[in-house]
Amino acid sequence: MASICVSIFILMAATLCAGYPAGGPYYSCKGLLPGHGDGPKKTAPPYRMSVSQATVESGGSTSVTLSSIDVPFMGFMCAASKYEDEANNTVGEFSRTDDYVNITQLVNCSGSTPYTGITHVSRNPKNTVVFNWSVPDSASSGSVFKIRCTFVQSFNVYWIDSLVNVTVDNKISSNENSSSVQTSTLRNLIACLLTVFYCFL
């Protein structure tokens, strides 16, 4: 019995010491806490988050880029929720990009729909990671979502709750269609005027 307890203790200790080299677990999506080290750093992280589009339609997507300023990060985990949701219930859907498919993996966050989180697959140093996040189809215009990420530099050094906001605007398509119609109408008008002009030559 004693040997079994010792074996279990050693296994647990090894897991804690290793952290999560193969990516954050599904139950960490809300808090984004790595579960190791002495707690998150309070200083500004040496990493950046950015999105290709800060305003998208419901059901649309934006590209998210994580990048290092001067020090590579070993791990990361990201999830998204409504901006005003202090409980950070995960929403939307992440997807991997071709260039980073081998270093990222999707997470089915607990109590949520599939692919509501994304994380690393190994502790290899990373300077840049790019992936996509899609807004829920049911999102209404004016809704704001926050994409939150944790950056892990080492076992004891990590930062939580870096974030970028994405706003929903369902008028984007209608504005683009209106602009397209106006452009087409203007071209037709110019062509008509040129035809009339040449008739009088």
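Trainee: What are Cys-29 and Cys-109 called, buried or exposed?

Mentor: Both Cys-29 and Cys-109 are buried, a word that stands for under 20% relative accessible area, while exposed stands for over 50% and partly exposed for what lies in between, with a 1.4 Å probe and protein chains only. This is a predicted model, in which local features need pLDDT of at least 70 and side-chain atom pairs count only at pLDDT 80 or more, whereas totals for chains, interfaces and linings use all residues. Residues are numbered from 1 along each chain as its sequence is written, and side-chain values use heavy atoms, with hydrogens and water left out.

Trainee: What makes the link of Cys-29 to Cys-109 a disulfide?

Mentor: A disulfide is a pair of cysteine sulfur atoms within 2.5 Å, and the S to S distance from Cys-29 to Cys-109 is 2.0 Å, so the pair meets the definition. Helices (H or I, at least four residues) and strands (E, at least two) are DSSP runs, numbered from the N terminus.

Trainee: Why is the disulfide of Cys-29 and Cys-109 called left-handed?

Mentor: Its torsion about the S-S bond is about -75°, and therefore the disulfide of Cys-29 and Cys-109 is left-handed.

Trainee: How many disulfides are there by this rule?

Mentor: The count comes to two disulfides. Cys-78 and Cys-149 also form one, with their sulfur atoms 1.9 Å apart, and with 110° about the S-S bond this link is right-handed. Because Cys-78 lies in strand β4 (residues 75-82) and Cys-149 in strand β9, the pair ties together parts that are 71 residues apart in sequence. Both Cys-78 and Cys-149 are buried, and when the bonded cysteines are numbered in sequence order, the pairing is 1-3, 2-4.

Trainee: How do you know that Asp-161 and Arg-148 meet in a salt bridge?

Mentor: The term asks for a side-chain nitrogen of Lys or Arg within 4 Å of a carboxyl oxygen of Asp or Glu, and the side chains of Asp-161 and Arg-148 meet at 3.0 Å, N to O, so the pair qualifies. The structure holds one salt bridge.

Trainee: Why is Asp-161 called partly exposed, and why does Arg-148 count as buried?

Mentor: Asp-161 has 38% relative accessibility and therefore counts as partly exposed, whereas Arg-148, at 3%, counts as buried.

Trainee: What does the side chain of His-36 reach?

Mentor: The side chain of His-36 reaches the backbone oxygen of Phe-155 at 2.7 Å. His-36 has its place in the loop between α1 (2-18) and β1 (47-51), and with a relative accessible area of 10% His-36 is buried. The C-alpha atoms of His-36 and Phe-155 are separated by 6.6 Å, although the two residues are 119 residues apart along the chain.

Trainee: What makes β1 and β5 edge strands?

Mentor: The open sheet of four strands has the order β1-β3-β8-β5, with antiparallel pairing, and β1 and β5 (93-96) each pair on one side only. Two strands pair if DSSP finds at least two bridges between them, and four bridges join β5 to strand β8 (residues 128-134), so these two strands pair by that rule.

Definitions and conventions:
Polar contact = N/O pair within 3.5 Å; in protein donor to acceptor, adjacent residues only side chain to side chain.
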